[in-house]
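Dear colleague,

I am passing on to you the structure shown below. Please look through it before reading the notes that come after it.

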Amino acid sequence: MQNIKSKLPNVGTTIFTVMSQLASKYDAINLSQGFPNFKIDQELVGLVNQGMIKGYNQYAPMPGLLSLREAIASKTNTLYGSDYHPETEVTVTDGATQAIFTAISACITPGDEVIIFKPAYDSYEPAITLFGGTIVPVQLSTPDFSINWKEVATKITSKTKMVIINTPHNPSGMVMSRNDMLELEKLLSGTNIILLSDEVYEHIIFDGQEHQSAARFAGLAERAFITASFGKTFHTTGWKLGYCIAPKALMDEFRKVHQFNVFCCNHPMQYALSEYLKTPEKYLSLSAFYQEKRDLFLSLVKDSRFTKIPSSGTYFQLLDYSIITNEGDVAFAERLTKEHKIASIPVSVFNLNEKDDKVLRFCFAKTEETLKRAADVLCKI
């Protein structure tokens, strides 16, 4: 057998898989991996079936069904005052993770530096490493996970090729403000640095805040790949459909990789989404829907010994357990799953040098009954 030298020697099984497997093994309530456990809109299911009946069963166009790209461009331009062209600046992808991977692979070459903010979604770093890039981390601090832009400025060098942001932020639930985006725009002005803006939770934002998409800011939009997820928006994570928007020059490079990576995406589902997006309320109502779940979960655990700062976006809530135990978060998360039958995600695995702030991430994209059962367990700890 060939002796294959691993390109990712330090990468093992993701924490999401580990915790979900533990939850299954110990029959625990699974608030770890970020997926809803309630039914999706049956209208959307019907539209997929309609697409199949109408014959959308062969390869879709490589960049995506034009009617869906038109719907995406219309939605984005209406919400953020942008001017993306559906034919040349929108590509449908097999989920946002594929879009992120494709953007990185299209741009990063050996020696390029990429600034990321930790804790960070775990797909960024392996993709950067695969293409020879150097990861330049900026650690966010609890409890507010705010960004120190003066520190970011010190990280920019002549080798900086890309900055990756994520707002609303997974796992913290932090939402970048307009001032944050203006600071970033100022930092990148006059450079050739590319921005990768992971905005998969763009429609899940709370307490009257407004999503500050990179598409709103001319100085960011001109250099940005923006990635989004239909799975997160419409509770269909198993469909693995998302999209990327970017200026034509960037999108041309993106599509060069995309066509040899997946070529195209699920055709009848694209048809369904193109029809479904014709009703903006389908996504504009999402913040209220999930804020109700966040507020319910927080009210249910208010008498627990966990410390809580309400999430500003996403469908994740961090709980600080530092007054309960000094255990490391990985060990405590495993013990909660095995002994108390509730699974969560330890945040240290996403931090620089696995910095342990004694916080766990819980997913509240669950039915009311599931959240009540989970809260009952947490309040007894």
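The notes below cover helix packing, the nonpolar cores and some backbone details.

This is a predicted model, in which local features need pLDDT of at least 70 and side-chain atom pairs count only at pLDDT 80 or more, while totals for chains, interfaces and linings use all residues. Residues are numbered from 1 along each chain as its sequence is written, and side-chain values use heavy atoms, with hydrogens and water left out.

Helix packing

Helices (H or I, at least four residues) and strands (E, at least two) are DSSP runs, numbered from the N terminus. Axes are lines fitted to C-alpha atoms, for helices over the stretch in contact, and angles run from 0 to 180 degrees between N-to-C directions. Angles under 35 degrees count as roughly parallel, over 145 as roughly antiparallel, 65 to 115 as roughly perpendicular and the rest as oblique.

Helix α13 (residues 286-300) packs against helix α15 (residues 368-379) at about 30°, the axes being 9 Å apart; the two are therefore roughly parallel. Contact (heavy atoms within 4.5 Å) involves Lys293, Leu296, Phe297 and Leu300 of α13, and Glu368, Leu371, Lys372, Ala375, Leu378 and Cys379 of α15.

Helix α2 (residues 42-53) meets helix α11 (residues 267-276) at about 130°, with 8 Å between the axes, and this pair is therefore oblique. Among the residues in this contact are Leu44 and Leu47 of α2 and Met269 and Leu273 of α11.

Nonpolar cores

A nonpolar core is a set of buried Ala, Val, Leu, Ile, Met, Phe, Trp, Tyr and Cys residues joined through side-chain atoms within 4.5 Å. Buried means under 20% relative accessible area, exposed over 50%, and partly exposed in between (1.4 Å probe, protein chains only).

The largest core has 56 residues, and Ile72, Phe117, Val163, Leu195 and Phe230 have the most contacts inside it. Beyond its neighbours within four places in sequence, Phe117 touches residues including Val138, Trp149, Val163 and His169. A second, separate core of 39 residues includes Leu22, Val200, Ile342 and Leu360.

Backbone details

The peptide bond from Lys118 to Pro119 is cis, with omega near 10°; Pro119 sits in the loop between β3 (113-118) and α5 (124-130). A cis bond also joins Asn170 to Pro171, with omega near 20°.

Thr314, a residue other than glycine, has a positive phi near 75° and counts as buried at 0% relative accessibility. Lys240 likewise has a positive phi, near 50°, but is partly exposed at 40%.

With kind regards
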